[in-house]
Amino acid sequence: MQPRIEAYEAIEFIGRYKSGKSIVVFVCYFEFQMSYFVIASVVCPTEVGGMQADVAFFDTDRKLNAGMLSQMILQRLSSIQDPNKKNQLYKESLDRVKVFRPLDMTHLALFLCSIRNGSYSPRLI
């Protein structure tokens, strides 16, 4: 049985600087890397159990593994038999992932303020 993420649920890790928060996100959970599982669960279409919503991934430590994310999305789409449809849904799912690599904490803070002030519009979960 795979873990499920329900609509509008949030996972937050809080801790001191250098306490291992980033490591926690990448720890294996049910044979999957949890952060990639969560992203795939959100961006995949509803017909395969996803939420079909956008995700903003803040890659502050430059460790995003696009190959792992791609594998997770393809695994979620494995029930789709038509190769053309699977390819289209795969591309649409990847397009829902917005990766942000802030240069420093000020850059990150400015981006977060733009979301709060409404100047950034994708539907974020």
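# Working through the helix 3 and helix 4 packing

Ser70, Ile73 and Leu74 of helix 3 are in contact with Tyr90, Ser93 and Leu94 of helix 4, where contact means heavy atoms within 4.5 Å. By class, this helix 3 and helix 4 contact has four nonpolar, two polar and no charged residues. Here Ala, Val, Leu, Ile, Met, Phe, Trp, Tyr, Cys and Pro count as nonpolar, Asp, Glu, Lys and Arg as charged, and the others, Gly among them, as polar.

Before you start: this is a predicted model, in which local features need pLDDT of at least 70 and side-chain atom pairs count only at pLDDT 80 or more, while totals for chains, interfaces and linings use all residues. Residues are numbered from 1 along each chain as its sequence is written, and side-chain values use heavy atoms, with hydrogens and water left out.

**Exercise 1. Describe how helix 3 and helix 4 pack.**

Step 1: Pick the quantities. Two packed helices are described by the angle between their axes and the distance between the axes.

Step 2: Read them off. Helix 3 covers residues 66-76, helix 4 covers residues 83-95, the angle is about 135°, and the axes are 10 Å apart. Axes are lines fitted to C-alpha atoms, for helices over the stretch in contact, and angles run from 0 to 180 degrees between N-to-C directions.

Step 3: Name the arrangement. Helix 3 and helix 4 are therefore oblique to each other; angles under 35 degrees count as roughly parallel, over 145 as roughly antiparallel, 65 to 115 as roughly perpendicular and the rest as oblique.

**Exercise 2. Which residues touch the most other members of the largest nonpolar core?**

Step 1: Define it. A nonpolar core is a set of buried Ala, Val, Leu, Ile, Met, Phe, Trp, Tyr and Cys residues joined through side-chain atoms within 4.5 Å.

Step 2: Find the residues. In this core of 20 residues, they are Ile39, Val43, Leu69, Ile73 and Leu77.

Step 3: Trace the suppliers. Helix 2 (34-43), strand 3 (55-58), helix 3 and helix 4 each give at least two residues to this core. Helix 2 has the largest share of the core, with five residues.

Step 4: Zoom in on one member. Leaving out residues up to four places away in sequence, Leu69 touches Tyr36, Ile39, Ala40 and Val97.

**Exercise 3. Is Ser93 buried or exposed?**

Step 1: Locate the residue. Ser93 sits in helix 4.

Step 2: Use its accessibility. Ser93 counts as buried because its relative accessibility is 0%.

Step 3: List its neighbours. Not counting residues up to four places away in sequence, Ser93 touches Val43, Cys44, Pro45 and Ile73.

**Exercise 4. How many residues along the chain separate Phe37 and Met72?**

Step 1: Phe37 and Met72 are 35 residues apart along the chain, with their C-alpha atoms separated by 6.3 Å.

Definitions and conventions: Helix = DSSP H or I, 4+ residues; strand = E, 2+ residues; numbered from the N terminus. Buried < 20%, exposed > 50% of the residue type's maximum accessible area, 1.4 Å probe, protein only.
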